[in-house]
Amino acid sequence: MKKRLAALVAVLAIVAAACGGGAANNDESTTTTQAPDATPPAQTEAGGLLATVQERGKLQCGVGGTAVAFSETQPDGSMTGFDADFCRAVAAAVLGDANAVEFRTLTSKERFEALKNKEIDVLIRNTTWTQSRDTDIGMDFGPTTYYDGQQLMGLSSKFTVNSGAKDVDGAILCTNAGTTTEKNITEWAKIGGADIQLETVEVFPEAIEKFKAGTCDLVTTDGSGLVGQKASNAEGVDWVIFPAAPISKEPLGPVYRQNDSQWGDVINWTVFAMIIADEYGITSANIDDKPVADLAPELGRLFGGDGELQTAMGLNADAFYQVIKQVGNYDEVYSNNLNPVGLVREGSLNARFTEGGMIYAPPAR
Ligand SMILES: N[C@@H](CCC(=O)N[C@@H](CS)C(=O)NCC(=O)O)C(=O)O
């Protein structure tokens, strides 16, 4: 009985922490006790993860390392890709140095534990924003940087872009574990009346190897991952990606631990600043063409001029100037990394909102 009571108390304590009750759950914070009716401290006094990263002088960023065009470990050990550049952007904002990043490669299965265990400050790894991830396991999601959707890939001699669930009946499908992919495909096959055999591997390139060896009939993951693999494999000319309309929504973006709103603001506004700079056509190449005072008022504020808002969140006034100067705007990061594998913004959900896409930021005011 005593044991049961103790267990109940422990469970209640965990639930209270998960619901945001108490400093214990406020990552990295210096524990300060506050009277319930005291005025909440200004964000800059919170001493959360932002202060920790600034003190450390390095951002610890979780990436995949084997996701073509998103995060790829190069032979010299450097990290390239769309996700890697968002890590660099956060480092430029927080530390004034886009190179002050320690990349930590994580499999899909490892990524959330690494974040929750404070092994990383932010996770930027083809990660889909879902309700359970956002609410159940202690994490918050930043703005979507890439609107994706799950597709399948098979031999073009056997499948077409119009293939559907009925065409995959009896097939062996391969993907990596710890993903939305596994759940979506199982539901999709069931709804479509297809009997499939799903095999999971640690990292997606293993699934590709099995597909090449013929032990998997099909592979499945986010469409961007399939496009990347098709482009980077010589055998890819014989591969077809289907169905044309993805089987799921996969909004990909940064993830951070919950209950540190200052850190959340820093990540969110780093992404928004890159989107706003793109709206105005300000790039790493032309940002110095005019003095900040001569730019549109919104850009002036964003780059540290009159009415700047960055210091209110604990950053230097020029934090987002550094992001654009050192890393680039959203379009540059997209084009540099994703155009080479054939992913284009035009006509996709990742186009600017003014061009029919979903890439939109709130105003910097
Ligand atoms: N977006 C999905 C899938 C993420 C995922 O694992 N994507 C693959 C395909 S791009 C990947 O990251 N592969 C690299 C690897 O497994 O190392 C999720 O969040 O669960």
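A residue counts as buried if 20 or more other C-beta atoms lie within 10 Å of its own, as exposed if 12 or fewer do, and as partly exposed in between, with C-beta atoms placed from the backbone. Keep that in mind for helix α8, where Gly-223, Ser-224, Gly-225, Leu-226, Val-227, Gly-228, Gln-229 and Lys-230 are buried.

What you're looking at is a predicted model, where local features need pLDDT of at least 70 and side-chain atom pairs count only at pLDDT 80 or more, while totals for chains, interfaces and linings use all residues. Residue numbers start from 1 along each chain as its sequence is written.

**The whole protein**

The protein has twelve helices and 15 strands. Here helices (H or I, at least four residues) and strands (E, at least two) are DSSP runs, numbered from the N terminus. Of the 365 residues, 43% are buried. Two residues are in contact if their C-beta atoms, placed from the backbone, lie within 7 Å. Take the contacts between residues at least 6 apart in sequence: 72% of them join residues at least 24 apart.

Strand β12 (residues 218-222) is largely enclosed by the rest of the structure, because five of its five residues are buried. Two strands pair if DSSP finds at least two bridges between them. β12 pairs with β9 (residues 150-155) in the antiparallel sense over four bridges, and Gln-151 has Thr-221 of β12 as its bridge partner.

β2, β3 and β4 form an open sheet of three strands in the order β2-β3-β4, with antiparallel pairing. Its edge strands are β2 and β4, each pairing on one side only. Two bridges join β3 (residues 71-73) to β4, and Glu-72 has Thr-80 of β4 as its bridge partner.

**How helices cross**

Two packed helices are described by the angle between their axes and the distance between the axes. Axes are lines fitted to C-alpha atoms, for helices over the stretch in contact, and angles run from 0 to 180 degrees between N-to-C directions.

| Helix pair | Angle | Axis distance |
|---|---|---|
| α3 (residues 82-95) and α9 (residues 261-280) | about 110° | 10 Å apart |
| α9 and α12 (residues 330-338) | roughly 90° | within 6 Å |

Angles under 35 degrees count as roughly parallel, over 145 as roughly antiparallel, 65 to 115 as roughly perpendicular and the rest as oblique. So α3 is roughly perpendicular to α9, and α9 is roughly perpendicular to α12.

For classes, Ala, Val, Leu, Ile, Met, Phe, Trp, Tyr, Cys and Pro count as nonpolar, Asp, Glu, Lys and Arg as charged, and the others, Gly among them, as polar. The contact of α3 with α9 has nine nonpolar residues, one polar and no charged. Between α9 and α12, Met-274, Ile-275 and Asp-278 meet Tyr-330, Asp-331 and Val-333, giving four nonpolar, no polar and two charged.

**The ligand's surroundings**

The ligand is surrounded by 19 residues, and the closest are Thr-66, Thr-179, Val-203, Phe-204 and Gly-225. (A residue is near a molecule or strand if its C-beta atom, placed from the backbone, lies within 6 Å of it.) β2, α6, β12 and β14 are the elements that give two or more residues to this shell. By class, the shell has four nonpolar, 13 polar and two charged residues.
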